[in-house]
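Colleague: I would like to learn how to read a sheet and a core in a model. Please start with the sheet.

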Amino acid sequence: MTDIITDMKTLLKELETNKASYDLFKEALNTKNFAQCYDILNEFAGSRFEVTIISSFTQWLYSHSINPLNYINYIPDYFLIEAPIHSFTIPNNITSIGIYAFYNCTGLTELTIPDSVTTIGEKALSKLGSDSHETLVITMPIALLNARANSNSSTYVNYIFGGSS
């Protein structure tokens, strides 16, 4: 948690150097316009190759009992990149998963993707569960798995097939 708080303090301090972005971010956060928050963070962090700051922001929201996915219908790019999570269920309102969204979540052992998800971004599900000796279980609709298999994306391990076809 300390690293997340340090990252958030660093982010806000650096955002303050760009008054317009800082004011927009504060307003978006106060009004729970998380789509705009993630857009600002993607622009800011992506230009500095500090995309883990986006994951830190997501973890900070969850640590304050705020689920950003209740306010948006997609999982943003770099959403939980390298986050120390073990299990994650994507809610039914989500239609897409951004690039690198769960990349390198090495402790992840279970991920559930609902039928509502129709697209998964590049490397969103790469390098999952590699620190664990447990099986990684990804539950997803067969149609989505077929779409991924036909897109020359990286392969997955140990699927439990579910959902509609």
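Modeller: Strands of a sheet pair through backbone hydrogen bonds, either parallel or antiparallel. Here three strands form an open sheet in the order S1-S3-S5, with parallel pairing. Strands (E, at least two residues) and helices (H or I, at least four) are DSSP runs, numbered from the N terminus. This is a predicted model: local features need pLDDT of at least 70, side-chain atom pairs count only at pLDDT 80 or more, and totals for chains, interfaces and linings use all residues. Residues are numbered from 1 along each chain as its sequence is written, and side-chain values use heavy atoms, with hydrogens and water left out.

Colleague: Which are the edge strands?

Modeller: S1 (74-75) and S5 (119-120), each pairing on one side only. Two strands pair if DSSP finds at least two bridges between them. S1 and S3 (residues 96-97) run parallel and are joined by two bridges. Ile75 stands opposite Ile97 in S3.

Colleague: Which residues touch the most other members of the largest nonpolar core?

Modeller: A nonpolar core is a set of buried Ala, Val, Leu, Ile, Met, Phe, Trp, Tyr and Cys residues joined through side-chain atoms within 4.5 Å. Buried means under 20% relative accessible area, exposed over 50%, partly exposed in between (1.4 Å probe, protein chains only). In this core of 47 residues, they are Ile90, Ile97, Phe102 and Ile113. H3 gives the most to this core, seven residues.

Colleague: Why does Cys37 count as buried?

Modeller: Because its relative accessibility is 0%.
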